[in-house]
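Please read them alongside the coordinates.

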Amino acid sequence: MKRTYLLTLIALFSVMLIGHASAQIIFFADFEANSSEAVPDASVNDPANWVSENEGTIWAEATEFPGGEGALHQTQEGCGISGDTPLPGVDNFSDGIIQGVFSWQDDDSVGFMFRRVGDDRGYLVVFGYNETPQVIIGSLADGCCPSGECLSGCSCENGGNELVGVDHGLGADLTQDNTVAYFARVQVTGSLIEVWYMPYADAPDLFADSEELGEPVATYDGADDLGPGTVGLWHESWGNGRVGSVLVTGPGGTVAVDPHAKLSTTWADVKNSY
């Protein structure tokens, strides 16, 4: 009996180690010309490969992101052009980290859809700004939020359809001139969704362990395992908003980067964060 129990423990521990070790960067877009750090390759930096489900959303190259880095620029405005843009090639996500660095020239919201396997199966995390000073966690099953609608239109902004809606903690009257960057991370572990949101200047590092970020601003423990799905960059009327770096981690990915580059040398921190 003791031997059987010991073997069971050893097997369980081995599975845990294997599962943890398999966590990898599966997507990284830095929007830099001739990038050696983009994953799986530099094609993810090309705006032409970011195809929104809403034709009204138009992504373009930007070169004036805070700090001088390259960025992706959403050029249109209006609730009718809102919606999701699947990340190029990311269609097998269940658990991991999704994060981006954003700046605003508008008062509306941006976020991520994930575990999406249909129009009504998946989850949405929204990073509000001035008009919606909240972090919102919603489910597509509850109508949060169809293409072509703002949060108010799908009742996912103080409307009761959202799973979680909490003050984002950034204060009021935030700048809308693309001069301040914000760090936003979503970590998905089984039924648990955790969200961090702060000025990028306050983040310890782009690849910091989640524990280094402090307490999450929003959490939800009740997410369903819908099976592997897509990850997308969602927005509502996010006119002239810009995104600097988009990162996705998960099991079974590959890291095709320069072994001497920052992305590779900091990978140990990323994979240990969940």
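1. I begin with Ser245, which is buried at a relative accessible area of 15%, where buried means under 20%, exposed over 50% and partly exposed in between, computed with a 1.4 Å probe on protein chains only. Ser245 is found in strand S14, residues 242–251; strands (E, at least two residues) and helices (H or I, at least four residues) are DSSP runs, numbered from the N terminus. Leaving aside residues up to four places away in sequence, Ser245 touches Phe28, Ala29, Asp30, Phe31, Gln99, Gly100, Val101 and Leu206, a contact being heavy atoms within 4.5 Å.

2. Some conventions apply throughout. This is a predicted model, in which local features need pLDDT of at least 70 and side-chain atom pairs count only at pLDDT 80 or more, while totals for chains, interfaces and linings use all residues. Residues are numbered from 1 along each chain as its sequence is written, and side-chain values use heavy atoms, with hydrogens and water left out.

3. On the chain as a whole, the secondary structure comes to 3 helices and 14 strands, and 50% of the 274 residues count as buried. Among the contacts with a separation of 6 or more, 70% are accounted for by residues 24 or more positions apart.

4. Which residues are closest to the centre of the largest pocket? The largest pocket has a volume of about 270 Å³, and of the 15 residues that line it, the closest to its centre are Phe28, Glu69, Tyr200, Leu206 and Ser245. The lining divides into 7 nonpolar, 3 polar and 5 charged residues; here Ala, Val, Leu, Ile, Met, Phe, Trp, Tyr, Cys and Pro count as nonpolar, Asp, Glu, Lys and Arg as charged, and the others, Gly among them, as polar. On a 1 Å grid over the protein atoms alone, a pocket is an open set of points where a 1.4 Å probe fits, with protein on both sides within 12 Å along at least five of seven lines, and lining residues have an atom within 4 Å of a point. Grid points are joined across faces, edges and corners, and the volume is the space filled by probe spheres set on the points.

5. Turning to the sheet, 6 strands form an open arrangement in the order S4-S13-S6-S7-S8-S9, with antiparallel pairing; two strands pair if DSSP finds at least two bridges between them. Strand S4 (83–86) and strand S9 (164–167) stand at the edges with a single partner strand each, so one side of each is left without a neighbour in the sheet. Neighbouring strands of this sheet are turned by 20° against each other on average, direction ignored, with axes being lines fitted to C-alpha atoms and angles running from 0 to 180 degrees between N-to-C directions.

6. Strand S7 (residues 121–127) is joined to S8 by 5 bridges, and the two form a hairpin with 6 residues between them. On the S9 side, 4 bridges join S8 (residues 134–139) to its antiparallel partner.

7. The loop between S8 and S9 holds Gly143, which counts as partly exposed at 24% relative accessibility. Gly143 touches Cys154 and Cys156, not counting residues up to four places away in sequence, and its C-alpha lies 8.0 Å from that of Ser155, 12 residues apart in sequence. Cys145 also has its place in the loop between S8 and S9, and a cis peptide bond, with omega about 5°, joins Cys144 and Cys145.

8. The peptide bond from Val39 to Pro40 is cis, with omega near 5°, and Pro40 lies in the loop between strand S1 (23–29) and strand S2 (59–62). Phe31, in the loop between S1 and S2, has a positive phi of about 60° although it is not a glycine, and counts as buried at 6% relative accessibility. Asp173, in the loop between S9 and strand S10 (182–189), likewise has a positive phi, near 55°, but counts as exposed at 75% relative accessibility.
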